[in-house]
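Please look over the sequence and the structure below before reading on. The report is meant for someone who has not seen this structure before.

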Amino acid sequence: MENILVMDFGGQYNQLIARRVRECNVYCEVHPNLISIEEIRSMDPKGIILTGGPGSVFKEDSPTYSKELFELGIPVLGICYGAQLMAHRLGGRVETAPVSEYGKTPLRVRPDARLFKEVRESSISWMSHTDYIASLPEGFVNSAETEHCPNAAMENPAKGLYAVQFHPEVVHTEEGMKILRNFVYDICGCEGKWRMDSFVEKSIAELREKIGSGRVLCALSGGVDSSVAAVLLSKAIGEQLTCVFVDHGLLRKNEGDEVEAVFGPEGPYKLNFIRVNAAEHFYERLKGVTEPEQKRKIIGEEFIRVFEAEARKLGQVDFLVQGTIYPDVIESGLGNSATIKSHHNVGGLPEHVDFKEIVEPLRMLFKDEVRSAGLKLGIPEHLVFRQPFPGPGLGIRIIGEVTPEKIKIVQEADAIYREEIAAAAGEWRKAQSAGSNTAGVSNPPWLPSQYFAALTNMRSVGVMGDGRTYDYAVALRAVNTTDFMTADVSAIPFELLTHIADRIVAEVRGVNRVLYDLTSKPPGTIEME
Ligand code: XMP
């Protein structure tokens, strides 16, 4: 299959690069820079992209690669650190830049450069570097500059080598997508045939072959990922599949019953469905634990333990399915990129698991690809497009120790928040349709892609009636994003926010303050922990 290889040198945007390549309908995988030259050859990529990274080519312990990489006859695009590495390896000079650039930076490209075909001569690029390419390797020509970076890009088209100091994968680089398309289509000669229908068919066939007559246990959370995984599996192997839904007591208000209504015996799917109510067990294990990574690990581990116990009750079970998706895999620390959070599906996996194998049919998909696969599988839109809810649930929306009291507070606050947003969005749609003749549903521009209430670990003084209060502060989070790797704060109307805050303080016991989180991602993450 036509593919592009992204080699990870520790950059935070590595998965974004892969995501952008897939937007070009070309399959793409991220591998650590430790991948061998033989492995690269056997993958037979149409092109290779070297990511950025925090290293410096001068430093002994910085990730590197042998010069052979540039002699494979496969086009290479170096980004940021990857660009410097290319220059350094091929005899150019990399130095500490007199002025480091960070953020939006005006860029001028040479219009005749192969990589910049039909790219505007002047545009904004996203820079983040302290070193720069001071002199080019032999055979290269300069192809772009910024005020403080004379070699903001270089290329050697005869050898298929291209390098950019800026980040084309980040939305702030205005011409970034065009540049990546030029590389993928024009330079690497990709045709762009990667589609979701082929993924669904291929996966069903592969799952059938892999599983044979084995029995499969699926971890169903009711979220988009595990729902798509479960339906994919049920299409592949039917009744060999048993879905277990662990209610860890860290779900949103009423969520356990809602999941049961859809996937249980009364729902539209013919799944073997088992609900395990394990809240007390999780609360016990989380008692006194405040460190986010430890909380994630405990929840992840206990999750597996509960499955093991359930599997034993079922008798012989060969496979365990999990709805892990590609961002989880990458963000949990692939090769040398810094671990931001260990997602509970991956990072918390214990070493000894009582199953023959773990099956993760969505492991190579990004979120929007999972949704698209869900639609192909005939899963109703309201399930496919529901906002994501993390595996560790409210455990990572409560900063500090998790207690039943805090869970109750965050559940109630979150329910009010969701109710009000849904009502306001409904009103907005009604007003829209009243004023227009066109049919169809549109959403208010501020409608967040993901929003939730979280409980800060902070208590502060307030006044209610004539009395002093000393209660918790709830934080409201709302972001707009398409890929969940970068996100902007949603501009929820101010009156709506204050109305929600009033209701939360009035109706939820133990809360006397409501805060709105204004941080985008990066530098923040979407969840609090
Ligand atoms: P962050 O907080 O990393 O979240 O910006 C990005 C997206 O991932 C979701 N998320 C998780 N999903 N297990 C999951 O299945 C997890 O451990 C986990 N942590 C974060 C988060 O809700 C957001 O949509």
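This is a predicted model: local features need pLDDT of at least 70, side-chain atom pairs count only at pLDDT 80 or more; totals for chains, interfaces and linings use all residues.

Five strands form an open sheet in the order 12-11-10-13-14, and their pairing is parallel. Strand 12 (272-277) and strand 14 (357-359) are the edge strands, each pairing on one side only. From one strand to the next the twist averages 25 degrees.

Within this sheet, strand 10 (residues 216-219) is paired with strand 13 (residues 319-321) in the parallel sense, over three bridges. Leu217 has Leu320 of strand 13 opposite it.

## Helices on the sheet

Helix 5 (residues 196-211) packs on the sheet and touches strand 10, strand 13 and strand 14. The direction of helix 5 makes about 165 degrees with that of strand 14. Helix 6 lies across strand 10, strand 11 (241-247) and strand 13. Relative to strand 11, helix 6 runs at about 160 degrees.

## Helix 6 against helix 11

Two packed helices are described by the angle between their axes and the distance between the axes. For helix 6 (residues 224-237) and helix 11 (residues 367-376), the axes come within 10 Å and cross at roughly 40 degrees. Helix 6 is therefore oblique to helix 11. The crossing of helix 6 past helix 11 is left-handed.

On the side of helix 6, the contact is made by Val224, Asp225 and Val228. Helix 11 contributes Lys367, Val370, Arg371, Ala373 and Gly374. Sorted by class, the contact between helix 6 and helix 11 has four nonpolar residues, one polar residue and three charged residues.

Strand 15 (residues 450-464) and strand 16 (residues 467-480) pair in the antiparallel sense, with twelve bridges.

## Helix 1

How many residues of helix 1 are buried? Nine of the ten residues are, and helix 1 (residues 14-23) is described as mostly covered. The buried residues in helix 1 are Asn14, Gln15, Leu16, Ile17, Ala18, Arg19, Arg20, Val21 and Arg22. Asn25, which follows helix 1, has a positive phi near 60 degrees.

Leu50 is in strand 3 (residues 47-50). Its relative accessible area is 0%, so Leu50 is buried. Not counting residues up to four places away in sequence, Leu50 touches Met7, Phe9, Leu69, Phe70, Val76, Leu77, Gly78, Ile79 and Gly82. Between Leu50 and Gln411 there are 43 Å in space, C-alpha to C-alpha, and the two are 361 residues apart in sequence.

Glu175 is found in the loop between strand 9 (161-164) and helix 4 (176-187). Is Glu175 buried or exposed? Glu175 counts as buried because its relative accessibility is 7%, and the cut-off for buried is under 20%. Leaving aside neighbours within four places in sequence, Glu175 is in contact with Glu118, Val119, Arg120 and Ser123.

Terms used. Residues are numbered from 1 along each chain as its sequence is written. Side-chain values use heavy atoms; hydrogens and water are left out. Axes are lines fitted to C-alpha atoms, for helices over the stretch in contact, and angles run from 0 to 180 degrees between N-to-C directions. Helices (H or I, at least four residues) and strands (E, at least two) are DSSP runs, numbered from the N terminus. Angles under 35 degrees count as roughly parallel, over 145 as roughly antiparallel, 65 to 115 as roughly perpendicular and the rest as oblique. A crossing is left-handed if the near helix is turned anticlockwise from the far one by less than a right angle, and right-handed if clockwise. Contact means heavy atoms within 4.5 Å. Ala, Val, Leu, Ile, Met, Phe, Trp, Tyr, Cys and Pro count as nonpolar, Asp, Glu, Lys and Arg as charged, and the others, Gly among them, as polar. Two strands pair if DSSP finds at least two bridges between them. Buried means under 20% relative accessible area, exposed over 50%, partly exposed in between (1.4 Å probe, protein chains only).
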